[in-house]
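Here is a short note for you to read alongside the model. Please keep the structure open as you go.

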Amino acid sequence: MTVTELKKIAATLRLDIVKMVGVGQKGHLGGSCSLSEIVSVLYFYKMKHDPKNPKWQERDRFILSKGHAALIQYAALAEAGYFPKAEIENVKKLGAMLQGHPDMTTTPGIEGNTGSLGQGLSMACGMAAGLRIDKKSSKVYCIVGDGEIAEGQIWEAAMTASYYKLDNLYVFLDMNRLMATGPVVERYDTNPLIDKWKAFGWHVFDIDGHNIQEIIDTLEKAEAIKDKPKIIIARTIKGKGISFAENVAAFHNGELTKEQFESACAELNKIN
Amino acid sequence: MKFQNPRQVYGETLLELGRENKNIVVLEADLGKSTMTVLFEQQFPERFFEMGIGEANMTSFAAGLSLTGKIAFTNSFAVFAAGRSFDQIRQAICIPGLNVKIVGSSAGLSDFGDGATHQSVEDVAIMCAIPNMTVLVPADGIETRKMVRKMVEYDGPVYLRINRHDLPDVTSEAEEFVIGKPGLIREGRDFVVFASGIMVSRALAAAEELAKENISVRVVNVSSLKPVDEESIKKLAEGVKGIVTAEEHSIIGGVASMISFVLRGSGIPLIPVGIDDRFGQSAHNYNELLEEYDLTSDAVVNAVKKLNGKK
């Protein structure tokens, strides 16, 4: 898939996120939109996976440690064909396949239950270690948030990944600079990110998380680095692609009015 | 009477299972010489993960291993295994029902010297409250061995509670261990004691003592706290004048709670022997502590006598 095509996919996924948030219902819009390019590259360019055979043994694994951004993963899974796209209309409805946070028991393509922040990275480390025991070439991709890394367990996992030299683990840190209640630097500063991860023994990349070519190139460079876990600090914009929602903390888990919903759809439809 | 150390038995059984099943992996939080996972580590270093003193990460890491098809055993003292990792067990393991085995060692008051911080009085209650969880408390070494084997056969999360000290064999080698099924240890007519863990042998001693006074006491080993075969419990309580529950755990959320719930409406009077909603403390030896907390055969004798209207 080309960069141009991936850009279109990212816009489609954002549109599906907006549709899932809908009108007058709370939904994690901001932190889902900040991940559209990264998730597009992973599901439609990078990862070995088979939507018709979600449990394929040789597949790469994806764990969304910041599980509240489930909408971006649901959009990608539906677009890839893990389940019919019509399913996104039922998100969070009683008995629905698509729960408020990723649930592997209800949704094909979800690899583990996340949502209680700080745990997904440990799970991804365990998966990477398990795959290595079985001498599988599969990679594990994991996404954490810059607010999420206030959880101490993230740093326990950071030590484990470097101690066990989990070089089949690729982590994106979604640096969208906003937590639920405001800017990370003002509310609870988790910086400096690069120095922290380096100190924990990781190879650190620092990129623009909306630049598809840069995401692709960085993953390629990361694959050449052995005996170390790799983290890609992706500078992103929370709510990216929806002008009125960009950099606005209220859209972390906010509602859209009818006018906002229509304006967001119109803006994203233009790209398609 | 033969004595065995349950954690030694656990370590040896894990090692046997490691030889039989390549999917078994073991995780440890720097207590391997105490939990006895050191035996597995020596033989299978490539399937053993020292996770340092980080129980939360160990537990979620085990979830990740199980997602690649491994049968993961996490190990720590019961107070940390169940307490410190509660959210990790709940979220990533029990909600999807992953095949992770949580082993809480040095449970109850058995780590006598270390005091309240290291003594688990509520681990069974915490674990039983989580949907999808199975909770097992072996009464002796024989049962420990059978349980660990059964945990591997069973696909799903299990919490196993292990005592630190040598325990007398009270269960029969020949009988199969079935998850959920209470075990009849001693027949009796007048009263029944539902006991778990170390209190099973103490209940047996109490039954011996009471037999001298022509009081016939049935002793039941409730080693599956969850799930529990309610019909069997009801049957085992049939025809008795009173019930005693006995456990090295808070009377809230363990055997006392479970038995009272199952037998609600039966009208049979019940006296719980257990830790009365308080924390542990340090002592110079285990027995001293068990006496302080009334976890003795005398406490069971007194409870039965009270029910019998003689005291």
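1. Ground rules. This is a predicted model, in which local features need pLDDT of at least 70, side-chain atom pairs count only at pLDDT 80 or more, and totals for chains, interfaces and linings use all residues. Residues are numbered from 1 along each chain as its sequence is written, while chains are lettered from A and ligands numbered from 1 in the order in which they are written.

2. Domains of chain B. Chain B splits into domain 1 (3-168) and domain 2 (183-305); such bounds come from an automatic or database domain assignment. Over C-alpha atoms, the two domain centres are 25 Å apart. Domain 1 of chain B puts 26 residues into the contact and domain 2 of chain B puts in 28. Two residues are in contact if their C-beta atoms, placed from the backbone, lie within 7 Å. On the domain 1 side, helix 7 (123-128), strand 6 and strand 8 of chain B each give at least two residues. Helices (H or I, at least four residues) and strands (E, at least two) are DSSP runs, numbered from the N terminus. That side has 15 nonpolar, 8 polar and 3 charged residues. Ala, Val, Leu, Ile, Met, Phe, Trp, Tyr, Cys and Pro count as nonpolar, Asp, Glu, Lys and Arg as charged, and the others, Gly among them, as polar.

3. The core. The largest nonpolar core holds 181 residues. Such a core is a set of buried Ala, Val, Leu, Ile, Met, Phe, Trp, Tyr and Cys residues joined through C-beta atoms within 7 Å. Buried means that 20 or more other C-beta atoms lie within 10 Å of a residue's own. Domains 1 and 2 of chain B both give residues to this core, so it lies between them. Val300(B) is among the residues with the most contacts inside it. Beyond four places in sequence, the contacts of Val300(B) include Val193(B), Ala203(B) and Val273(B).

4. Helix 8 of chain B. This helix (residues 141-153) has 13 residues. From first C-alpha to last it reaches 19 Å, close to the 18 Å expected at 1.5 Å a residue, counted over one less than its number of residues. Its buried residues include Ile142(B), Met147(B) and Met151(B). Helix 1 (6-20) and strand 5 (100-105) of chain B are among the elements that cover the buried residues.

5. Between the chains. What does each chain bring to the contact? Chain A brings 23 residues and chain B brings 22. Helix 5 of chain A supplies the largest share of the chain A side, 10 residues.

Terms used:
A residue is buried if 20 or more other C-beta atoms lie within 10 Å of its own, exposed if 12 or fewer, and partly exposed in between; C-beta atoms are placed from the backbone.
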